[in-house]
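This report looks at how the chains of one assembly are built and how they meet. The structure comes first, and the description follows.

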Number of protein chains: 4
Amino acid sequence: MDPLREGETVVLRRREGRTLLVELRPGPQAIEGQGVLDLGPQIGALPGATVRWAGAEYVLLRPTLADLLGQLRRRAQIVTPKDAMYLLYLAGVGPGSRVAESGAGSGALTTVLAHAVGPTGRVYSYDRRADFLDVARRNVARSGLADRVEFRERDVAREGLDETELDSVLLDLPEPWEVVPRALGAIRPGGAIAAYVPTYNQLERTVLAFRAARLEEVQSVELLERALHVGEGGTRPEFEMLGHTGFLASGRRVVGPW
Amino acid sequence: MDPLREGETVVLRRREGRTLLVELRPGPQAIEGQGVLDLGPQIGALPGATVRWAGAEYVLLRPTLADLLGQLRRRAQIVTPKDAMYLLYLAGVGPGSRVAESGAGSGALTTVLAHAVGPTGRVYSYDRRADFLDVARRNVARSGLADRVEFRERDVAREGLDETELDSVLLDLPEPWEVVPRALGAIRPGGAIAAYVPTYNQLERTVLAFRAARLEEVQSVELLERALHVGEGGTRPEFEMLGHTGFLASGRRVVGPW
Amino acid sequence: MDPLREGETVVLRRREGRTLLVELRPGPQAIEGQGVLDLGPQIGALPGATVRWAGAEYVLLRPTLADLLGQLRRRAQIVTPKDAMYLLYLAGVGPGSRVAESGAGSGALTTVLAHAVGPTGRVYSYDRRADFLDVARRNVARSGLADRVEFRERDVAREGLDETELDSVLLDLPEPWEVVPRALGAIRPGGAIAAYVPTYNQLERTVLAFRAARLEEVQSVELLERALHVGEGGTRPEFEMLGHTGFLASGRRVVGPW
Amino acid sequence: MDPLREGETVVLRRREGRTLLVELRPGPQAIEGQGVLDLGPQIGALPGATVRWAGAEYVLLRPTLADLLGQLRRRAQIVTPKDAMYLLYLAGVGPGSRVAESGAGSGALTTVLAHAVGPTGRVYSYDRRADFLDVARRNVARSGLADRVEFRERDVAREGLDETELDSVLLDLPEPWEVVPRALGAIRPGGAIAAYVPTYNQLERTVLAFRAARLEEVQSVELLERALHVGEGGTRPEFEMLGHTGFLASGRRVVGPW
């Protein structure tokens with residue numbers, strides 16, 4: 001277990017309380033809702049180290065992806081983890097992957113991608129709106145993953161992507177079908193395109209565009225997440241549930257000699 | 001895009017046909033259902049290279065996780081990709097993670113873990129049955145991920161794990177609650193335990209064990225996957241659906257000063 | 001279409017507004033949230049007749065089951081219509097049926113049963129709590145179905161039912177398994193028992209009791225209701241959804257010569 | 001409990017075996033898969049009476065709606081009971097109702113409607129295909145409900161319905177939106193239209209037609225039915241599940257003075 005390094009993003013956690021992401025650096029810093037703390041003495045400590053400050057007690061941890069998204073979720077409506085994780089699967093994203101996304105949104109999917117590709121991978125995040133890119137850039141930086149991501153202000157449907165031979169392109173924008181031809185040209189043989197859309201009308205147009213682009217292994221799914229309430233002798237599905245998030249569609253570029 | 005290397009596991013794909021995993025090596029080898037091929041000339045080719053042999057045409061691709069699991073799925077009932085991907089999330093597994101699983105089963109979850117941790121991570125796979133370990137070892141080798149995984153024949157409930165400071169322990173065995181105390185001792189502060197069980201009864205006992213072990217952020221969910229049939233002007237959910245796979249439960253070790 | 005009769009329960013409906021159940025009788029009566037109205041002049045009018053009063057406009061309609069339950073739903077957490085309707089099916093309830101329920105709850109299922117059996121059927125509603133029976137009795141009366149229902153204050157698990165040769169017994173209480181032996185004796189050959197329970201633990205015990213009682217055609221299901229949002233070119237499942245209501249279990253008494 | 005009458009449709013049931021619908025009449029009759037039986041001696045017997053014939057043992061029962069539909073289900077793909085029951089609710093059908101359906105299909109929904117309206121109600125079943133009407137008529141007769149149903153060969157979209165002041169119209173045909181204007185004119189104030197369609201595209205057009213016709217209380221839902229496997233200490237949802245049947249949409253005619 002490596003000691004916590006200066007500049008690293010760490011989780012500051014209170015008992016039964018909120019999980020806060022902070023940068024580990026010397027000198028006093030204002031921590032949302034907790035007052036001003038100096039985390040300098042914790043540089044070099046091991047994860048699990050504790051801090052007592054002004055009567056409160058904290059643990060310092062390395063953040064998981066859930067910590068990073070939890071932070072984002074308090075600020076914006078973001079892609080749910082179940083959908084984001086399955087998009088990784090459908091798009092064939094893993095350690096070392098080079099992937100693009102259009103658009104950047106609030107940076108939530110960007111964060112998931114940057115986490116999944118690891119330090120040897122690369123994420124290219126396109127959005128035509130500068131304000132969205134700003135939010136996404138800030139959120140990715142807060143997650144400590146900024147060095148894996150390049151943001152580009154661009155209308156991909158009209159101007160295309162800079163990259164070629166990408167492993168995957170993820171489409172999270174209102175009209176994914178407009179981007180499919182451009183995305184196709186940026187993907188390596190065997191690479192995949194995956195889209196995330198809220199309505200069935202968008203799903204239909206997207207999948208028809210995938211077929212028109214001669215993508216193979218085209219599939220469309222939705223995931224329903226049902227939480228369970230566990231009590232001794234009283235276990236049941238929870239009453240609250242999110243009835244819909246979005247539809248996922250994916251296809252793969254397999255250019256054969258046929 | 002790196003050229004295909006000797007010894008690498010590659011996908012051999014026919015038009016609209018099956019996807020086969022083969023080792024890229026010189027000399028003739030028997031390929032399931034396709035006769036005998038010599039893939040030697042393709043060493044050093046780029047992914048997307050094509051092979052014509054005995055009237056058939058193939059494309060060579062680098063495998064995605066979906067290719068690896070697709071291969072396994074033809075042989076055994078395995079954890080579904082939606083569940084496996086969400087377990088990664090719940091257990092906080094990513095590039096560089098050190099994780100253990102108990103048991104190894106057919107090696108499907110092992111494959112997902114080995115893929116997700118990347119070349120810098122490590123997977124320790126325990127099973128008390130030697131025959132299961134053999135199957136899992138063979139399947140992981142076939143996926144080209146053998147160098148990231150160590151298999152150990154062991155009854156974890158009674159004998160524990162060798163590792164400490166793990167990022168995650170995944171439990172995919174009939175009585176996960178029996179393993180929880182041992183798993184707890186093998187996890188670093190901030191690390192997580194996640195379990196996958198088919199019945200409500202197992203879920204209840206597992207979650208109660210998580211609470212007894214003072215895990216925090218305990219949650220229980222199930223994911224329902226519904227495929228969609230897309231036709232122009234005729235889009236609807238598919239009639240066929242898997243009604244149940246398993247319940248996922250997770251918790252996190254947060255040892256605070258409280 | 002029969003004219004509205006004095007004493008009949010009618011729906012008073014405002015444009016885009018609430019649906020109110022009122023008794024059609026001469027003389028001024030206070031209508032919840034609408035002030036005081038005299039519906040006397042509407043006796044003998046046809047459904048669809050309109051009333052203008054103090055600047056507001058109303059339509060008078062014969063209530064559907066949905067109107068009756070909608071009224072109840074504003075007051076208590078009741079069995080959902082999807083579950084109630086399917087219970088009718090599982091329990092074999094229809095026009096002319098003689099059915100019992102234990103317990104009465106708030107009278108919602110009683111209302112559904114009384115509606116389904118029609119004027120020639122009969123509902124026997126048991127509850128051991130006098131206060132529940134009062135609420136149920138009042139709600140059934142408000143629905144204009146009081147003459148089809150007999151309420152009995154009784155602990156059915158200990159004291160049994162008065163009736164024999166019933167078509168169905170419905171169990172909507174915390175421990176249905178305790179009532180099964182008594183219910184069995186009250187049912188005609190070919191009749192059914194159906195239960196509605198919130199937890200899987202209750203479901204398991206109930207179904208085991210059904211099997212112990214040698215009921216046949218035993219089944220257990222749950223129904224998930226997903227609303228859809230329809231917009232021109234923007235149709236999708238609604239985001240809000242009730243994740244769980246209850247499990248339904250049923251079995252049939254078939255006493256053969258075997 | 002009334003004795004079984006000559007001419008009545010009864011259930012003939014073997015232990016753990018199939019449920020057969022037969023007409024109770026004197027003289028030998030061929031019973032599907034059971035050889036030739038003479039049920040004459042059972043006229044006047046009570047439900048639950050047993051018959052021994054050629055070494056086999058049978059019980060005679062009065063059929064429930066489930067028995068009637070079970071018989072149909074062996075012959076055709078029919079509306080599922082969960083959907084049919086909820087359509088009754090959405091369309092406001094109950095004992096004494098006068099309802100129409102378009103089209104007749106295989107007569108399954110006709111059977112559910114005829115059962116629900118009871119002996120004092122009336123079902124008008126329209127279909128433009130004579131062969132469908134024949135099948136439906138035969139199936140309804142087999143259920144013993146023929147005297148409650150009138151079948152009419154008619155293209156309702158073009159020629160409308162004969163009836164007025166109906167309580168409900170049910171639409172179970174590929175283009176329900178074409179029938180909505182005609183259906184509207186056949187419904188009493190407060191009556192409802194309900195449709196059952198398989199695709200999102202049909203749902204969208206149907207609901208838009210409901211709104212264009214100024215129906216109120218318009219709603220769209222789907223019901224997912226999940227069976228449960230109950231074992232002592234091993235209870236879980238069943239693995240098999242029907243992923244989709246159809247979408248239900250309904251609206252109500254409320255002609256106010258507005």
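How many bridges join strand E12 (residues 216-229) of chain C to E12(D), and do the strands run parallel or antiparallel? Seven bridges join these strands, which run antiparallel; strands count as paired if DSSP finds at least two bridges between them. Within this pairing, C:Glu225 has D:Leu223 of E12(D) as its bridge partner.

The model is predicted, so that local features need pLDDT of at least 70 and side-chain atom pairs count only at pLDDT 80 or more, while totals for chains, interfaces and linings use all residues. Residues are numbered from 1 along each chain as its sequence is written, and chains are lettered from A and ligands numbered from 1 in the order in which they are written.

**Chains C and D**

The contact takes 56 residues from chain D and 56 residues from chain C, two residues being in contact if their C-beta atoms, placed from the backbone, lie within 7 Å. On the side of chain D that touches chain C, the elements giving two or more residues include helix H1 (65-73), helix H3 (108-117) and strand E11 (187-197), but E12(D) gives the most, with ten residues. Helices (H or I, at least four residues) and strands (E, at least two) are DSSP runs, numbered from the N terminus.

The residues on this side divide by class as follows, where Ala, Val, Leu, Ile, Met, Phe, Trp, Tyr, Cys and Pro count as nonpolar, Asp, Glu, Lys and Arg as charged, and the others, Gly among them, as polar.

| Class, side of chain D that touches chain C | Residues |
|---|---|
| Nonpolar | 30 residues |
| Polar | 13 residues |

**Chain A and its contact with chain B**

Chain A has seven helices and 15 strands, and its C-alpha trace spans about 70 × 50 × 35 Å along its principal axes. Helix H2 (residues 81-91) of chain A and helix H2 (residues 81-91) of chain B have axes that come within 9 Å and cross at roughly 115°; axes are lines fitted to C-alpha atoms, for helices over the stretch in contact, with angles running from 0 to 180 degrees between N-to-C directions. Among the residues making this contact are A:Met85 and A:Tyr89 of H2(A) and B:Met85 and B:Tyr89 of H2(B), and the contact residues divide into ten nonpolar, no polar and two charged.
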